[in-house]
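Subject: Structure handover

Hello,

The structure is below, sequence included. My notes follow it.

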Amino acid sequence: MQSDELMSLKETGQKGDFLLPYEVSKTIMPDYYTTFPMHWHDEMEIVFVEQGEYIESVDFEEYHVKSGDIVFINPSMLHSFRQFENKRTVFRSIIFNMCLLTGSNTDACSIKYFVPFAENSYISPVVISSDHPHYSKIRRIVLNMISLYDEKGEISRSTS
């Protein structure tokens, strides 16, 4: 893929705001999409599948993702998704800049654990299913992030 073509696939825009610097979106297939085209962004993306199943393509490798699975898409990875066998699927996507984890100061923790994700020198497993040894902990953290985002929306709507 040539550089101009690759840059045309880049998704841009602010993710989150000062109070909560990440964004959570909800996708329902086929209501919103049956496919979403190949794209990439500078941010990390974590997807939690609430219901159903679909096909996620990450760097040209396809993954059959099912209810309860968690998908990790590192920054700058090409990815897309499509509906699987006309199944109704609901998933939540959390998108955030890695500086949310690293902050503006570089410390030993950032260098060891977060910078490798941001620089793509460490690639996490793309799909984490319930048989993964740390699934319960990861799932709890992901659901907490979604819940905090949903609560923030309720608070800002009630004060408007």
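Buried here means under 20% relative accessible area, with exposed over 50% and partly exposed in between (1.4 Å probe, protein chains only). Strands (E, at least two residues) and helices (H or I, at least four) are DSSP runs, numbered from the N terminus.

This is a predicted model: local features need pLDDT of at least 70 and side-chain atom pairs count only at pLDDT 80 or more, while totals for chains, interfaces and linings use all residues. Residues are numbered from 1 along each chain as its sequence is written, and side-chain values use heavy atoms, with hydrogens and water left out.

In a regular strand the side chains alternate between the two faces of the sheet. In strand 4, Glu53, Ile55 and Ser57 point one way and Tyr54, Glu56 and Val58 the other, all of them buried.

Strand 4 (residues 53-58) pairs with strand 5 in the antiparallel sense, over 6 bridges; two strands count as paired if DSSP finds at least two bridges between them. Within that pairing, glutamate 53 stands opposite lysine 66, and valine 58 has glutamate 61 as its bridge partner. The hairpin of strand 4 and strand 5 has 2 residues between the strands, and aspartate 59 takes a positive phi near 45° there. Strand 4 also pairs with strand 7, again antiparallel, over 5 bridges. In strand 7, histidine 79 is the bridge partner of valine 58.

**The two sheets**

The chain has 4 helices and 9 strands, in the order α-β-β-β-β-β-β-β-β-α-α-β-α from the N terminus on. Of its 160 residues, 39% count as buried.

Strand 3 and strand 6 (residues 70-73) run antiparallel and are joined by 4 bridges; phenylalanine 48 has isoleucine 70 of strand 6 as its bridge partner.

**Core**

The largest nonpolar core has 15 residues, of which Ile46, Ile70, Phe72, Ile94, Phe96 and Val142 touch the most other members. A nonpolar core is a set of buried Ala, Val, Leu, Ile, Met, Phe, Trp, Tyr and Cys residues joined through side-chain atoms within 4.5 Å. Strand 1, strand 3, strand 6, strand 8 and helix 4 (135-159) each give two or more residues to this core. Helix 4 gives the most, with 5 residues.

**Second largest pocket**

The second largest pocket holds about 210 Å³ of space. A pocket is an open set of points on a 1 Å grid over the protein atoms alone, where a 1.4 Å probe fits, with protein on both sides within 12 Å along at least five of seven lines; lining residues have an atom within 4 Å of a point. Grid points are joined across faces, edges and corners, and the volume is the space filled by probe spheres set on the points. The lining has 16 residues, with Ser25, Thr27, Glu45, Phe81 and Ser93 nearest the centre.

Regards
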